[in-house]
Amino acid sequence: MGENKSFEVIIVGGSYAGLSAAMALGRSLRSVLIIDSGKPCNQQTPHSHNFITQDGVKPSEIAKKAKEQVLEYNTVKFLNDLAISGKKTENGFIITTESGGEFKAKKLIFATGIKDTMPNIKGFAACWGISIVHCPYCHGYELRNKKTGIVANGDRAFHLASLVNNLTNNITILTTGKADFNKEQLTKFDNHNIKIIETEISEIEHENGQVKNVLFNNSNKINFEGIYAALPFTQHSHIPVSLGCELNEHGFIKTNGYQKTTIEGVYVCGDNSSMMRSVATAVYTGNLTGAMINKELTDEQF
């Protein structure tokens, strides 16, 4: 990467959103450093869907091609490292990495994603992103007409069930505890023959990440071909909050609609700030972020 330690923009996170932001900035000849630790949240996912021109492609292949294209812009540099802290300075920011590097920038972009909190269910994590999935738009077509479970409760389960109902007529909601639905929701479930099981799950039986059976604490076993799950999450990086960036009521980093956070000079893109968790959305928000930061730099310099 050379000895340069000062950039116009540092991007923390080098997956789809971060690379998209870097391309927009590189094409405007902005000096950019991407810092990435190489641990994307979808590393188990075999195929990416609902992203035009890349439908069915392995996520790592999309990221590899994107990185190759972005680094053709010689003002963009890439560092394989983990950003561990950040601080505001008089002229911008300093990011410190796990290996001890310190890098300065006028502006920051966090494309750091979120970290799913896995339930304490044997076999669940091994299936996550393969046959236990989060999004009907990303994976629903592949689970069409299959015997489907939904591990969720309350409004989140109701929302998922309403979307999945268009894809299969064999749905069971697994609340893993007392169901939390109102009378209207229960009536709709009944009208669509959607079953509800409140018994806690003890294990997911699978073969190489493909769900076979769900085992319950009462020793019952039910076969499923695919499962949706609404999981809690945390921000993958603590740095934005440590700099003062506010989170919204859902736990995402709050923005002004143009990817700018509540801290001047700090922008975000991708899963850390969007409920629409997909490759296509990450690319879009990254591209918008790059353009907005370039405009901010232009306004300051012109």
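In strand S17 (residues 266-268), tyrosine 267 lies opposite isoleucine 109 of S6, and S6 and S17 are paired in the parallel sense over three bridges. Strands are DSSP runs of E with at least two residues, helices are DSSP runs of H or I with at least four residues, and both are numbered from the N terminus; two strands are taken to pair if DSSP finds at least two bridges between them. The model is predicted, so that local features require pLDDT of at least 70 and side-chain atom pairs count only at pLDDT 80 or more, whereas totals for chains, interfaces and linings use all residues. Residues are numbered from 1 along each chain as its sequence is written, and side-chain values use heavy atoms, with hydrogens and water left out.

Strand S6 (residues 102-110) is also joined to strand S1 (residues 6-12) by six bridges, and these two strands run parallel. Isoleucine 109 of S6 stands opposite isoleucine 11. With strand S5 (residues 93-97), by contrast, S6 pairs in the antiparallel sense over four bridges; here alanine 105 of S6 is opposite phenylalanine 93. The hairpin of S5 and S6 has four residues between the strands, and glycine 100 in this hairpin takes a positive phi near 100 degrees. In general, strands of a sheet pair through backbone hydrogen bonds, either parallel or antiparallel.

An open sheet of five strands has the order S8-S15-S9-S10-S11, with parallel pairing.

Another open sheet consists of three strands in the order S12-S13-S14, and its pairing is antiparallel. Strand S12 (201-207) and strand S14 (221-223) are the edge strands, each pairing on one side only. On average, neighbouring strands of this sheet are turned by 25 degrees against each other, direction ignored. Six bridges in the antiparallel sense connect S12 with strand S13 (residues 210-216); phenylalanine 216 in S13 is the bridge partner of isoleucine 201.

Helix packing was described by axes, which are lines fitted to C-alpha atoms over the stretch in contact, with angles running from 0 to 180 degrees between N-to-C directions. The axes of helix H1 (residues 16-26) and helix H8 (residues 279-301) come within 7 Å and cross at roughly 35 degrees. This crossing of H1 and H8 is right-handed (the near helix is turned clockwise from the far one by less than a right angle; anticlockwise gives left-handed). Contact, defined as heavy atoms within 4.5 Å, links Tyr16, Ala17, Ser20, Ala21, Ala24 and Leu25 in H1 with H8 residues including Val279, Ala282, Val283 and Gly286. By class, the contact of H1 with H8 comprises ten nonpolar, five polar and no charged residues (Ala, Val, Leu, Ile, Met, Phe, Trp, Tyr, Cys and Pro count as nonpolar, Asp, Glu, Lys and Arg as charged, and the others, Gly among them, as polar).

The axes of H1 and helix H2 (residues 59-70) come within 10 Å and cross at roughly 20 degrees. H1 and H2 are therefore roughly parallel to each other (angles under 35 degrees count as roughly parallel, over 145 as roughly antiparallel, 65 to 115 as roughly perpendicular and the rest as oblique). The crossing of H1 and H2 is left-handed. Tyr16, Leu19, Ala22 and Met23 of H1 make this contact with H2 residues, among them Pro59, Ile62, Ala66 and Val70. The residues of the contact of H1 with H2 comprise nine nonpolar, two polar and one charged.

For helix H5 (residues 154-164) and helix H6 (residues 183-191), the axes come within 11 Å and cross at roughly 30 degrees, which makes H5 roughly parallel to H6. H5 passes H6 in a left-handed crossing. In this pair, Asp155, Phe158 and Ala161 of H5 meet Gln185, Lys188 and Phe189 of H6; the contact residues comprise three nonpolar, one polar and two charged.

Overall, the protein contains eight helices and 17 strands. Its radius of gyration, taken over C-alpha atoms, is 21 Å, close to the 19 Å that the globule rule gives for 302 residues, so the protein is as compact as a globular protein of that length. The globule rule is 2.2 Å times the number of residues to the power 0.38. Along the principal axes, the C-alpha atoms fill a box of roughly 65 × 35 × 35 Å.
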